[in-house]
Amino acid sequence: MSTRRELRVAGQAEPISHFTDAVEAGGFLFVSGIVPVDEQRELVGGDDVVEQARCVFENMRAVLAAGGCTFADVVKVTVYLTDVADRPLVNPVRQEVFGEIRPASTLVEISALVIPGAKIEIECVALVPS
Amino acid sequence: MSLRNEISLPTRPVLSHSADAVQANELLFVAGILPVDASGALVGEDDVSKQAQYVFAELDQILAAGGCDGTDVARINVYLTSIEDSSELDEPLLRTCGSARAAGTVVEVRALAVSGARIEIDATAVRSP
């Protein structure tokens, strides 16, 4: 049956605007775009895109877990980079995180993110295990 | 049985080879909404606040046509030509979603498909039973 659940996840920064961290609906978990910040919304990783990516995935792990999911349940990711040339730096982090799992993926360069200094943001959709 | 139903409102312009939304079972995939009227002309001039109000009002219409409302929205993506404009989302987003909160992503892009547009939104909703 289709139930809807909005998730605010402990340890995650306050969502921007009138959003929440993730919504479970229709058997899917829709995860907000995740930026490399700590609970106080301070940038993590300085200007190192690899460290920023690690932070994004750690935040994503926590949000997925709150929704009863792991990286193995992710069906789609969208990666936003402020510099598409960073892609080869970020890919090894994705491989570490996902292992054998390969979600559908889109990666684009955008001109700015909501957090000044952030170079990467990733959103995802996961299929909630039944 | 699976359901697939394309929704194209007569009040919406046809900008591309796409529908305004596609219903797929209980999911409703809403296409990118630009601040343009039925003729494709820009709405709100250079006022991002007016443009934001307009695209969310259009989202309301498309959701309704798909049997949903703002409380069914699971995620919204917002594309702005200036990230400084993100505060303009607060009021129309609250009006559309009410007590509900969607997952969201907000990014700045260099350009949108219609010249002068400063915001585009797309969304996925899940119809409540």
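Begin by selecting D83(A), which, once residues up to four places away in sequence are set aside, touches E109(A) and K119(A). The model you are looking at is a predicted one. D83(A) sits in the loop between β5 (74–81) and α2 of chain A. Is D83(A) buried or exposed? With 12 other C-beta atoms within 10 Å, and because 12 or fewer counts as exposed, D83(A) is exposed.

Next, select helix α1 of chain A, residues 49–66, together with helix α2 of chain A, residues 87–98, which pack at an angle of about 30° with their axes 9 Å apart. Angles under 35 degrees count as roughly parallel, and α1(A) and α2(A) are therefore roughly parallel to each other. The crossing in which α1(A) passes α2(A) is right-handed. To see the contact itself, show the side chains of V49(A), V50(A), A53(A), R54(A) and F57(A) on α1(A), and those of L89(A), V90(A), V93(A) and V97(A) on α2(A). Sorted by type, the residues of this contact are eight nonpolar and one charged, with no polar residue.

Stay with α1(A), whose 18 residues reach 26 Å from the first C-alpha to the last, close to the 26 Å expected at 1.5 Å a residue. Several of the residues of this helix are buried, among them V49(A), A53(A), F57(A), M60(A), V63(A) and L64(A). After the helix comes G68(A), whose phi is positive, near 75°.

The next two stops concern backbone angles. Most residues other than glycine have a negative phi. Select S17(A), which is not a glycine and yet has a positive phi, near 50°; S17(A) lies in the loop between β1 and β2 (19–20) of chain A. S17(A) has 20 other C-beta atoms within 10 Å and is buried. Then move to R41(A), in the loop between β4 and α1 of chain A, where phi is again positive, at about 70°, although the residue is not a glycine. R41(A) is partly exposed, with 14 other C-beta atoms within 10 Å.

Now select V114(A), which lies in the loop between β7 (112–113) and β8 of chain A and counts as buried, with 20 C-beta neighbours inside 10 Å. Which residues is V114(A) in contact with, leaving aside its neighbours within four places in sequence? They are I16(A) and V35(A) from chain A, and I83(B), S86(B) and V106(B) from chain B.

Finally, show both chains and select the contact between them, where 26 residues of chain B are in contact with 25 residues of chain A. On the side of chain B that touches chain A, β4 (73–80), α2 (90–97), β5 (102–108) and β6 (119–126) each supply at least two residues. The largest share, seven residues, comes from β5(B). If you colour this side of chain B by residue type, you will find 15 nonpolar, five polar and six charged residues.

Key
Residues are numbered from 1 along each chain as its sequence is written. Chains are lettered from A and ligands numbered from 1 in the order in which they are written. This is a predicted model: local features need pLDDT of at least 70, side-chain atom pairs count only at pLDDT 80 or more; totals for chains, interfaces and linings use all residues. Axes are lines fitted to C-alpha atoms, for helices over the stretch in contact, and angles run from 0 to 180 degrees between N-to-C directions. Helices (H or I, at least four residues) and strands (E, at least two) are DSSP runs, numbered from the N terminus. Angles under 35 degrees count as roughly parallel, over 145 as roughly antiparallel, 65 to 115 as roughly perpendicular and the rest as oblique. A crossing is left-handed if the near helix is turned anticlockwise from the far one by less than a right angle, and right-handed if clockwise. Two residues are in contact if their C-beta atoms, placed from the backbone, lie within 7 Å. Ala, Val, Leu, Ile, Met, Phe, Trp, Tyr, Cys and Pro count as nonpolar, Asp, Glu, Lys and Arg as charged, and the others, Gly among them, as polar. The expected span of a helix is 1.5 Å times one less than its number of residues.
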